[in-house]
Amino acid sequence: MQNGAVLGETTKKDENIRRGNWGNQIEFVLTSVGYAVGLGNVWRFPYLCYRNGGGAFMFPYFIMLVFCGIPLFFLELSFGQFASLGCLGVWKVSPMFKGVGYGMMVVSTYIGIYYNVVICIAFYYFFMSMTNVLPWTYCNNPWNTKDCSGVVGSSYANTSIANTSTLMRNISELVNHTAKRTSPSEEYWKYHVLNISDDIGHFGEVRLPILGCLAASWVVVFLCLIRGVKSSGKVVYFTATFPYVVLTVLFIRGITLDGAVNGIKYYLTPQWKMILDAKVWGDAASQIFYSLGCAWGGLITMASYNKFHNNCYRDSIIISITNCATSVYAGFVIFSILGFMAHHLGVDVADVADHGPGLAFVAYPGALTLLPISPLWSLLFFFMLILLGLGTQFCLLETLVTAIVDEIGTDWIIRNKTYVTLGVAVVGFLLGVPLTSQAGIYWLLLMDNYAASFSLVIISCIMCVSIMYIYGFHNYFKDVEMMLGFPPPIFFRICWRFVSPAIISFILVFTVVQYKPITYNDYIYPGWSLIIGFLMALSSVICIPIYAIYKIWTSEGTTFLERVKNAIKSDPSWGPALQEHRTGRYAPNVSSGSNLNQEGQLLHTKETPEEVSLMIQGSNDSAHNPEASA
């Protein structure tokens, strides 16, 4: 009985009671899959694949996954799990680089603001799909212009698609010969949903339906995170898995349509000559990097709630491959429907292919109007987008909340973490209000293109260098071995030290060389807005040198070199969070005998860890047998 009690006590102590852990390992994996698999998997990857040589693009894509994606993913997961701290706290490893953590927070803030606006627009389309006829099917609405040319005739509701061939030929001629013609779905998007202004500086009015959906979206995110990972870990059983059910339903429906095969051929037919194009490799590396969510701070945060000995090496491979496989699978879903649309319009697939908001809110909804029972397919599609977005948004919000709570670190802030979550959600909602105005789409795309572009690459590169060469790769490899029970495989050791930083540097150079000022359709952004975009990008990167200068300035030392050495030296509290895991070079000094109390806080005693362990066992026995104690 006594042995059982001790065993139970050991199992219980493996949990970080003060900070909390995942309910089980499946919750962590599903949350990380939900975080990595987002809107970009559906609206960006298929288009990139088609544009960069179809099946040939898969080769550089998977090369980049193996040599950059999975190693960086494993690095961030192991980093957060080892210290059980968020993206700020982990920089006890080398305090001078804490600015990297602040940079991650800034990036997550920007993404969290505009990402929820995209989710709220998906909410709006979802609600508008609850009707017999989708509102973007015809050109007879108040918001339509004389240039509108519908892909479905007015008699479509009472006739089969097969009887509309004459109509389709007429539309084909319009598409081929009249460049100014616009589809009902495009006009619904521009003139009804957005009521778009003519310039980024003309905010106009706030679109109240979109604002209401934004509020609803933030309420959903807050409620799912009200108890931190304990509540979000339960929600992800649905939000991370149901999108695959919807993708499969849409895939089965898509491949049964006329023209679907042509769409899939456009998606997959390899053009091997394009492999020699540096742009293809650059796009592959960038897509892997951004899709996995590296340098956002979310991976470190989610892993920090793992138990210390969790096999994050296995998790990183499972999650990374699942993310990339989802991207490939989504391509079949997207291009089967676009192939069907091109077939019925009598045009090339290239004429209907699109990416980003243009795919999610114009091209794909337009294609869905051609299907029987189109509202059902529309409901499913937008519900899938909502769930994909929420999975990422949960982690973005939790990243910010965890960083704040870990940084303050008092018992009060930990007990009242819900209020921190509420505060961050309210601020996020208020900062998102301008994006619901008539100029909102311009600002949303500006943030998407600049706030999280080359800044992420710089942050990730500095993180790699600081861990491998400032903290020391020997030290880090020993940390990982202490945590997992085996050293990181030699492949990952080589990638962390040489290959991944080189690929990250390549992405940075590629991003700079390939830079083109942002445009939206025919709208060219004014110079002042591009300056704001660059300032947003720099605002996250500038945190790194500013904090480094501050840390050097406040460090002890008579010379500059001494101050730098003290600034980069690991904090004494760096290492595993729980005392039972602080072995080897992290073992408490026998002379000071530091140990943990019941809340997991460090105490100072004169006993050795073994003596303390015996004392704890004795106190447990006394607690169960008061008479013996007396």
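Which residues make the nonpolar surface patch of about 680 Å²? In this predicted model, the patch is made by Val66, Phe67, Val465, Tyr469, Ile490, Phe491, Ile494 and Phe498. Three helices, namely α5 (residues 55-83), α21 (residues 454-484) and α22 (residues 490-513), each give two or more residues to this nonpolar patch, and the largest share, amounting to four residues, comes from α22.

Helix α6, which comprises residues 98-128, was examined for its length and its burial.

The cysteines were considered next. A disulfide is a covalent bond between the sulfur atoms of two cysteines. With a cut-off of 2.5 Å between cysteine sulfur atoms, the count in the model comes to one disulfide, which is formed by cysteine 139 and cysteine 148, with their sulfur atoms 2.0 Å apart. The torsion about the S-S bond of this pair is about -70 degrees, so the disulfide is left-handed. The two partners fall into separate accessibility classes under the 20% limit for burial: cysteine 139 is partly exposed, at a relative accessible area of 28%, whereas cysteine 148, at 11%, is buried.

Cysteine 294, by contrast, is in no disulfide, the nearest cysteine sulfur being that of cysteine 68, at a distance of 6.8 Å. The relative accessible area of cysteine 294 is 1%, and this residue is accordingly classed as buried. For cysteine 120, the closest cysteine sulfur belongs to cysteine 213 and is 6.0 Å away, which is too far for a bond because the cut-off is 2.5 Å. Cysteine 120 is likewise buried, with a relative accessibility of 0%.

Note on methods. Residues are numbered from 1 along each chain as its sequence is written. This is a predicted model: local features need pLDDT of at least 70, side-chain atom pairs count only at pLDDT 80 or more; totals for chains, interfaces and linings use all residues. Side-chain values use heavy atoms; hydrogens and water are left out. The expected span of a helix is 1.5 Å times one less than its number of residues. Buried means under 20% relative accessible area, exposed over 50%, partly exposed in between (1.4 Å probe, protein chains only). Patches are made of residues with over 30% relative accessible area and no salt bridge: like charges are joined within 9 Å, nonpolar side chains (Val, Leu, Ile, Met, Phe, Trp, Tyr) within 5 Å. Accessible areas come from the Shrake-Rupley method with a 1.4 Å probe; for residues, only the protein chains shown count as cover. A salt bridge is a side-chain nitrogen of Lys or Arg within 4 Å of a carboxyl oxygen of Asp or Glu.
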